[in-house]
Amino acid sequence: MSQPNTFMARALAHRSFVIGAALTLLLLAAAAVSLLWTPWSPYEIDMAAKLQAPDSHHWLGTDPFGRDVTSLLLVGARNSILVGVIAVGIGLSLGTALGLLAAARRGWVEELIMRLADFTFAFPAILSAIMMTAVFGAGIVNSITAIGIFNIPTFARITRASATAIWSREFVLAARACGKGPWSITLEHILPNILSALIVQATIQFALAILAEAALSYLGLGTQPPQPSWGRMLAEAQTLMFQAPLLAVFPGVAIALAVLGLNLAGDGLRDLLDPRLARKR
Amino acid sequence: MGLFLLKRFSTLLATLLGASVVIFLVLEILPGNAAQILMGPDAAPEAVQALASKLGLDAPALTRYWQWISGLAAGDLGISYSYSTPVLELVLERLALTVPLALMAMLLTVALALVTGIYAASHHNRLGDVGMMGLAQIGIAIPNFWFAILLILLFSVRLQWFSAGGFAGWDEGLAQGLKSLLLPGISLAVVQAAILARITRSALLEVLREDFVRTARAKGLSQRATLWGHVLRNAMIPVVTVMGLQFANLLAGTIVVENVFYLPGLGRLIFQAISNRDLIVVRNCVMLLAAMVIVVNFVVDVLYAVIDPRVKASDI
């Protein structure tokens, strides 16, 4: 049998990547659909229809305010993607810039940036969010910022490690011999060569951001009502576990499937973009 | 070893100091008038001023920082605004729950991860390996607070083996106390164990490919003896590193899980302090949690050198 050699063919042959990509697409599709259509309004309260079991009208039932759970989950997907994109965006842009700077300048600049990155790990996202909430109050902006700040050292570390390896390659030496400065080498040679590592890490951090936001919203520090969020739905469901246990199941399944999809897609991308790693695993 | 320890210890002190500066800046300087935060936006200016002088908030920032740090070193964390009791007393009371919970979760994590990881590695590419790693993927994707809710649904609501929350207290006996912490401990451990099992498996597979393993097998050692006598110790370096990071995650995780089970630990204290606007308690609790994370990482660094002497040699 011939080896599949195009990226697409290899991707389609990678079973866990296919599952991960399908779940991730499902998440994106849910968010996109919610922009145009939801079965019911996720904001409209209808006390007469509260706590209904799943049926043909309300596919996943209703919550204690009579809101349709399917609609809440669809809009919740949009919320999770928003948090993931912004939090990963903060980490990716600032962390990559710092990592590239550390690798290009070396010496005390590198030492300073890396020690700062080590230091930031002393504040897990939830602890940073608690500090920000204590000062500025609860809300989605503060929780996104806290998760984003926590992402910066992760991207700084991975960028620096990958970029340092590229800096020692012969084609970079050739570029330097041609008289190119550190910034043009960084932009033209280093960044394109570390992009795959960054994409893989971004996928994994996206999953972590969804988990962190769900935890913060569950605690009441993240997304505030009436904006639907999966974490908040779980917090509300917990008070009704004896009457409506299913309410505590659906949002959790949504979070787990979204995170599972992103993790599988990230692992798959790593194998596909770096075949040497795939053989080692 | 002495020089290595000295170097690591000075990094530890510098990091602790840096953490205290960040916490002080965020919780004391950033909000502007801390007395205003404590009393709320509608408080009368005279009342705010009186509270500021009572709490010493009208002193210069450097003086306040020095008072806080020297107090921390002497074990004096100040008086809680909302509880009117010494913060140290409050924190110690809550740590009696949070520390055993984190330790229990760590023990469960290590036990679960080692069993799963060793089993998967010794059945590499067979059904057992694929099944275990599939379960680990699912374990990593599950939020710990949702798993906690599912445990409550099964063991408290349906089977009624455990109470749905609360802490019996250590006065009720060790068994009762541990029983109250079992479900929270499991919900914290499962996610971390899934991560550690994957690391353990890949570390073991890496070492199993080494020449000395083949030599040991060629000498006539059984697979079991090779695994326990040669492979495990060599595979433990990445595992111990990740365990250190995970303890930090477990400590942060207790904040969430304590809230799911209504456990009166440090996590719940922080939340009550936030809703009471008790910044003195928040500041000290955040410092304590950050310090625990930093100290655990220091211990991991040292353990690292004990397991693998090459680390120490290359570091000096």
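Chain B comes out with 13 helices and zero strands, taking helices (H or I, at least four residues) and strands (E, at least two) as DSSP runs numbered from the N terminus. This is a predicted model, so local features need pLDDT of at least 70 and side-chain atom pairs count only at pLDDT 80 or more, while totals for chains, interfaces and linings use all residues. Residues are numbered from 1 along each chain as its sequence is written, with chains lettered from A and ligands numbered from 1 in the order in which they are written.

The C-alpha trace of chain B spans about 85 × 60 × 35 Å along its principal axes. Of its 316 residues, 37% count as buried, meaning that 20 or more other C-beta atoms lie within 10 Å of the residue's own, with C-beta atoms placed from the backbone. As for contacts (C-beta atoms, placed from the backbone, within 7 Å), residues 24 or more positions apart make up 71% of those in chain B with a separation of 6 or more.

Chain A has 11 helices and zero strands. Its C-alpha trace covers about 75 × 60 × 30 Å along the principal axes, and 49% of its 281 residues are buried. Here, 68% of the contacts with a separation of 6 or more are between residues 24 or more positions apart.

One helix pair in chain A is worth a look. Helix H5 (residues 125-136) and helix H6 (residues 140-167) of chain A have axes that come within 8 Å and cross at roughly 145°; the axes are lines fitted to C-alpha atoms, for helices over the stretch in contact, and angles run from 0 to 180 degrees between N-to-C directions. The crossing of H5(A) and H6(A) is right-handed, that is, the near helix is turned clockwise from the far one by less than a right angle. Residues that meet here include A:Met132 and A:Phe136 from H5(A) and A:Ile147 and A:Phe150 from H6(A). By class, this contact has eight nonpolar, five polar and no charged residues, where Ala, Val, Leu, Ile, Met, Phe, Trp, Tyr, Cys and Pro count as nonpolar, Asp, Glu, Lys and Arg as charged, and the others, Gly among them, as polar.

Between the chains, 35 residues of chain B are in contact with 30 residues of chain A. Among the elements giving two or more residues to the chain B side are helix H1 (2-29) and helix H10 (223-260) of chain B. H12(B) gives the most, with seven residues. That side of chain B divides into 29 nonpolar, six polar and no charged residues.

Note on methods
Buried ≥ 20, exposed ≤ 12 C-beta atoms within 10 Å, placed from the backbone. Contact = placed C-beta atoms within 7 Å.
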